[in-house]
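Colleague: I would like to go through this model with you. Could we start with the surface and then turn to the rings?

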Amino acid sequence: MNTPKTAGPRMRPLPALIFASRWLQLPLYLGLILAQAVYVFHFWVELVHLIEAAFGNAQALDTLVKSVGYLPPADGQVKLNETLIMLVVLGLIDVVMISNLLIMVIVGGYETFVSRMNLEGHPDQPEWLDHVNASVLKVKLATAIIGISSIHLLKSFISAANIDQKTLLWQTLIHLTFLASALAIAATDRLLGHGHQPSGDAH
């Protein structure tokens with residue numbers, strides 16, 4: 001026979017209220033879900049414009065040129081060339097990476113700070129969620145931000161003719177700062193993780 005689980009000690013009112021305050025974060029995660037829906041809509045709008053431009057729609061091509069900040073040639077005749085396609089595709093990849101970042105914040109943050117989702121055994125459970133905690137989530141977010149910054153920097157290098165050199169230099173420095181910060185976070189997490197491991201036999 002299965003023994004019924006015994007309830008834990010009853011919490012006092014004030015600690016129970018403080019612990020229940022974690023549910024105040026729920027509207028924040030719901031808001032991030034709505035923000036992700038906006039990104040999905042933006043992705044499809046840009047993709048439709050790209051497809052229409054590929055079929056010769058001049059208005060869609062003009063919209064793409066304005067959205068990516070592409071500098072038209074001296075003769076003023078804008079064509080859907082490889083550079084413009086690459087800039088649009090990098091913009092789409094940027095949207096996907098930001099969407100992935102939102103998923104990590106929504107799912108990982110809710111699981112870590114609000115309530116368990118009981119996804120154990122679910123076929124679609126993310127691989128990283130079974131060992132997620134605040135430190136792991138922080139490192140993964142830093143890595144995702146580096147990826148997003150890399151896409152932005154690559155777009156700037158491709159359209160370097162449209163960007164001031166000082167701006168390009170600052171973007172590179174900011175990207176290197178993100179990279180150094182992520183390495184520092186990962187190193188700190190590794191040191192703290194080793195510090196919490198039980199000491200074994202010294203050999």
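Modeller: A note on terms before the surface: accessible areas here come from the Shrake-Rupley method with a 1.4 Å probe. The model is a predicted one.

Colleague: What does the accessible surface of the protein come to, and what share belongs to carbon and sulfur atoms?

Modeller: The total is about 14300 Å², and carbon and sulfur atoms account for 65% of that surface.

Colleague: And how much of the protein is buried?

Modeller: Of the 203 residues, 25% are buried.

Colleague: What about the fold: how many helices and strands are there?

Modeller: There are 6 helices and 0 strands, so the order from the N terminus reads α-α-α-α-α-α. Among contacts with a separation of 6 or more, 64% join residues 24 or more positions apart.

Colleague: On to the rings. How many aromatic pairs does the structure hold?

Modeller: It holds 3 aromatic pairs. One of them joins Tyr 29 and Tyr 110 edge-to-face, with 6.4 Å centre to centre and 80 degrees between the planes. Tyr 29 belongs to helix H2 (residues 26-54) and Tyr 110 to helix H4 (residues 82-114), so this pair links distant parts of the chain, 81 residues apart.

Colleague: Why does Tyr 29 count as buried?

Modeller: Tyr 29 counts as buried because its relative accessibility is 9%, and the cut-off for buried is under 20%.

Colleague: Which residues make up the ring cluster?

Modeller: Ring pairs link Trp 23, Tyr 29 and Tyr 110 into a cluster.

Colleague: Which residue has its charged end over the ring of Phe 19?

Modeller: That is Arg 22, whose charged end sits 3.9 Å from the centre of the Phe 19 ring.

Colleague: Changing topic, which residues form the nonpolar surface patch?

Modeller: The patch covers about 840 Å² and is made by Ile 145, Leu 169, Trp 170, Leu 173, Ile 174, Leu 176, Phe 178, Leu 179 and Leu 183. Helix H6 (residues 165-196) gives the largest share, 8 residues. Phe 178 lies in helix H6 and is partly exposed, with a relative accessible area of 36%.

Colleague: Lastly, Ser 156: where is its place, and what is it in contact with beyond its neighbours within four places in sequence?

Modeller: Ser 156 is in helix H5 (residues 134-158). Apart from those sequence neighbours, Ser 156 is in contact with Ile 163, Leu 168 and Gln 171. Ser 156 counts as buried because its relative accessibility is 7%.

Technical notes:
Residues numbered from 1 in each chain as written. Predicted model: local features only at pLDDT ≥ 70, side-chain atom pairs only at ≥ 80, totals over all residues. Heavy atoms only, no water. Phe/Tyr/Trp six-rings, centres within 6.5 Å; stacked < 30°, edge-to-face > 60°. Helix = DSSP H or I, 4+ residues; strand = E, 2+ residues; numbered from the N terminus. Buried < 20%, exposed > 50% of the residue type's maximum accessible area, 1.4 Å probe, protein only. Lys NZ or Arg CZ within 6 Å of the ring centre and 35° of its normal. Contact = heavy atoms within 4.5 Å. Patch = residues over 30% accessible without salt bridge, like charges linked within 9 Å, V, L, I, M, F, W, Y side chains within 5 Å. Salt bridge = Lys/Arg side-chain N within 4 Å of Asp/Glu carboxyl O.
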